[in-house]
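I opened my notebook to look up a few things in one structure. I wrote down each thing as I found it.

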Amino acid sequence: MQVVSLQQRPDLFEAVVEVFWRQWGTQDNYRFYHDCMLHSGHLGSDLPTFYVAVHGDSIVGIYALLRTDFVSRQDLFPWLACLYIVPEHRGNKYGSLLLKHAAEEAFKKGYDNVYLYSDLEGYYEKYGWSFLANGYTIGGHATKIYVRASESTGDDH
């Protein structure tokens with residue numbers, strides 16, 4: 001399995017947009033995902049960046065690093081969002097590999113921490129994430145915010 005930014009695999013652009021949208025979107029917001037991914041990484045900006053895990057040309061999983069993830073704590077970033085493993089590839093620890101990859105990418109981009117929000121109990125803690133605070137979604141629902149220190153791969157830092 002290889003994890004790359006979507007900019008590194010433009011041949012997979014439409015397929016990756018489809019995976020993000022089918023998992024996280026609604027009937028009415030395909031254009032939102034398409035436009036956001038199309039304009040990510042332009043003009044030297046480090047965020048947002050969308051990532052795809054591939055095995056050959058098969059998409060195994062996805063995630064994004066974003067400036068905001070539509071949660072009340074706008075003072076925190078980058079946000080790990082849209083973590084998803086294709087069902088037939090689950091159970092292979094790919095989720096944990098993508099979580100680690102996100103922490104490494106945040107470090108490369110110069111961030112001390114990376115954040116996410118979730119209502120899952122016990123999953124992220126297993127992989128080095130700590131509860132930080134409660135926040136509120138755009139719909140007004142309380143949610144848990146987690147933080148993880150970004151980390152070097154050891155390769156170039």
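**Entry 1**

I looked up Phe32 and found it partly exposed, with a relative accessible area of 42%. I kept in mind that this is a predicted model. Is Tyr33 buried or exposed? I noted 11% relative accessibility for Tyr33, so Tyr33 counts as buried.

Next I checked how the two rings sit. I learned that a pair of aromatic rings is described by the distance of the centres and the angle of the planes. For Phe32 and Tyr33 I wrote down 5.3 Å centre to centre. The angle between their planes is 85 degrees, and the pair is edge-to-face.

**Entry 1: Another pair, and a cluster**

I turned to Tyr123 and Tyr124. Their ring centres lie 4.9 Å apart. The cut-off I needed here was over 60 degrees.

Tyr124 has 9% and is buried.

I then followed the ring pairs from there. They link Tyr123, Tyr124, Tyr127, Trp129, Phe131 and Tyr146 into a cluster. How many aromatic pairs does the structure hold? I wrote down 13.

**Entry 2: The fold**

I stepped back to the whole chain. I listed three helices and seven strands. From the N terminus on, I read the order as β-α-α-β-β-β-α-β-β-β.

Residues 24 or more positions apart account for 56% of them.

**Entry 3: Size and packing**

I asked what radius of gyration the chain has. I found 15 Å. With 157 residues, a compact globule would have a value near 15 Å, so the two agree. Along the principal axes, the C-alpha atoms fill a box of roughly 40 × 40 × 35 Å.

Then I checked burial. Buried residues make up 45% of the 157 residues in the chain.

**Entry 4: Surface and charge**

I looked up the surface last. The chain exposes about 8500 Å². Carbon and sulfur atoms supply 52% of that area.

For charge, I noted 13 positive and 19 negative side chains.

How values were computed. Residues are numbered from 1 along each chain as its sequence is written. This is a predicted model: local features need pLDDT of at least 70, side-chain atom pairs count only at pLDDT 80 or more; totals for chains, interfaces and linings use all residues. Side-chain values use heavy atoms; hydrogens and water are left out. Helices (H or I, at least four residues) and strands (E, at least two) are DSSP runs, numbered from the N terminus. The radius of gyration is taken over C-alpha atoms; the globule rule is 2.2 Å times the number of residues to the power 0.38. Buried means under 20% relative accessible area, exposed over 50%, partly exposed in between (1.4 Å probe, protein chains only). Contact means heavy atoms within 4.5 Å. Accessible areas come from the Shrake-Rupley method with a 1.4 Å probe; for residues, only the protein chains shown count as cover. Lys and Arg count as positive and Asp and Glu as negative; His and the chain ends are not counted. The place of a charge is taken as NZ of Lys, CZ of Arg, CG of Asp or CD of Glu. Rings of Phe, Tyr and Trp (its six-membered ring) pair if their centres lie within 6.5 Å; planes under 30 degrees apart count as stacked, over 60 as edge-to-face and the rest as tilted.
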